[in-house]
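Open your viewer and get ready to select residues by number. We will go stop by stop.

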Amino acid sequence: MVTEFILLGFGENPDLQIFLFLIVLIIYMGTMVGNILIVALVVADQHLHTPMYYFLGNLSCLETFYSSTILPRMLTSFVTGDRSISFIGCFLQMYFFGSFAATECFLLSAMSYDRYLAICKPLHYTTLMNNRDCLHLVVGSWISGFLGNTILFPLLKLTFCGKNDIDHFFCDFNPLLKLACSDTHKIVIFAFIIACIFTLPPFLLTVTSYVCIIATILRIPSSVGRQKAFSTCSSHLIVVTIFYGTLMIVYMLPNTQSLGDLNKVFSAFYTVLTPMANPLIYSLRNKEVKQALKKVQEKITPARFLS
Ligand SMILES: *[C@@H]1O[C@H](CO)[C@@H](O)[C@H](O)[C@H]1NC(C)=O
């Protein structure tokens with residue numbers, strides 16, 4: 001009987017553990033501060049009360065949860081050297097991480113649909129995307145994100161007999177399945193079907209939106225106009241590409257031993273790096289977010305009290 005799992009992570013080299021601890025700690029703090037700042041700006045600043053920023057605020061909120069399912073546990077195991085995770089803990093981590101990742105797929109596709117309406121249907125934008133539609137899309141994303149995993153988990157009747165070391169830094173589906181000694185054939189097929197149902201539509205919606213957006217932008221005669229239209233969606237396009245790109249590399253490439261370590265590195269991209277990258281990409285590339293930040297800075301800067 002297996003009562004706990006061991007997450008092997010990145011090996012046992014003590015120097016490497018310290019190095020990774022510092023890096024992951026900095027990334028985690030950056031992720032939390034950046035995303036919470038964006039949520040606060042979107043909630044507080046009247047100029048950011050539009051669907052595009054509501055989506056962004058919700059995405060940032062999601063990303064604080066998303067990285068908190070993995071990084072705090074990873075950090076404690078770097079410090080304590082205790083790499084075990086309870087049986088329930090492992091499945092909970094897999095459930096919540098999977099659900100948040102799926103929600104992110106849906107939110108990203110809702111955001112690209114929003115950009116599609118803004119750029120391709122500018123005259124009807126305000127009627128097609130009002131605050132109520134936006135709320136429906138946001139709530140729908142959260143429900144759909146959790147639905148897939150909630151259907152899949154009762155079907156995961158796995159038996160483990162002895163072997164309990166997971167060659168990964170969090171409880172992920174494939175590494176966990178490898179340890180099961182019951183027949184996993186059916187489960188793999190179920191999981192594949194559910195993953196297709198829940199990730200293919202948002203992915204295709206995202207791709208279609210961007211194909212239409214780019215086609216529309218290319219038809220704009222003036223280069224200034226083209227640049228302006230493109231700048232409103234380029235940050236989102238970067239975020240979408242990094243997220244889907246690394247996700248596909250990890251889950252679609254064959255799961256062979258030689259790719260094992262490379263898999264961990266790519267997993268680190270979408271688990272550790274994307275949640276931190278999003279606030280950076282949005283705040284550095286977006287004029288309105290920058291202006292909102294400047295206002296906050298002016299409010300809290302001591303120069304105001306000195307003068
Ligand atoms: C999330 O979206 C809803 C619905 O549009 C919006 O009312 C809310 O303010 C958003 N939350 C954040 C943190 O941006």
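This tour visits a charged patch, some salt bridges and a loop. Keep in mind that the model is predicted.

**Stop 1: the positive patch**

Select Lys228, Lys287, Lys290 and Lys294. Together they form a positive surface patch. Which helix gives the patch its largest share? Color residues 287–300, which make up helix α11. This helix supplies 3 residues of the patch, the largest share.

Now pick out lysine 290. Its place is in helix α11. Is lysine 290 buried, partly exposed or exposed? Its relative accessibility is 43%, so it counts as partly exposed. The cut-offs explain the label: buried means under 20%, exposed means over 50%, and partly exposed lies in between.

**Stop 2: a link across the sequence**

Next come the salt bridges. The count for this model is 4. Begin with lysine 295 and aspartate 45. These two form a salt bridge, and their closest N and O atoms are 3.1 Å apart. Where do the partners sit? Lysine 295 lies in helix α11, while aspartate 45 is in the loop between α1 (14–44) and α2 (51–68). The pair therefore ties together parts that are 250 residues apart in sequence.

Show the surface and check each partner. Lysine 295 has 36% relative accessibility, so it counts as partly exposed. Aspartate 45 has a relative accessible area of 10%, so it is buried.

**Stop 3: a buried pair**

Select arginine 115 and aspartate 114. Their side chains meet in a salt bridge, with 3.0 Å from N to O. Are these residues buried or exposed? Arginine 115 is buried, and aspartate 114 is buried too.

**Stop 4: a pair with more to see**

Move to lysine 163 and aspartate 165. Here the side chains meet in a salt bridge at 3.8 Å, N to O. Lysine 163 reaches 53% relative accessibility, so it counts as exposed. Aspartate 165 has a relative accessible area of 31%, so this residue is partly exposed.

**Stop 5: a proline in a loop**

Finish with proline 154. Look for it in the loop between α6 (131–152) and β3 (165–166). Why does proline 154 count as exposed? Its relative accessibility is 52%, and the cut-off for exposed is over 50%.

Draw a line between the C-alpha atoms of proline 154 and leucine 56. They are separated by 32 Å. Along the chain, these two residues are 98 residues apart.

Definitions and conventions. Residues are numbered from 1 along each chain as its sequence is written. This is a predicted model: local features need pLDDT of at least 70, side-chain atom pairs count only at pLDDT 80 or more; totals for chains, interfaces and linings use all residues. Side-chain values use heavy atoms; hydrogens and water are left out. Patches are made of residues with over 30% relative accessible area and no salt bridge: like charges are joined within 9 Å, nonpolar side chains (Val, Leu, Ile, Met, Phe, Trp, Tyr) within 5 Å. Accessible areas come from the Shrake-Rupley method with a 1.4 Å probe; for residues, only the protein chains shown count as cover. Lys and Arg count as positive and Asp and Glu as negative; His and the chain ends are not counted. The place of a charge is taken as NZ of Lys, CZ of Arg, CG of Asp or CD of Glu. Helices (H or I, at least four residues) and strands (E, at least two) are DSSP runs, numbered from the N terminus. Buried means under 20% relative accessible area, exposed over 50%, partly exposed in between (1.4 Å probe, protein chains only).
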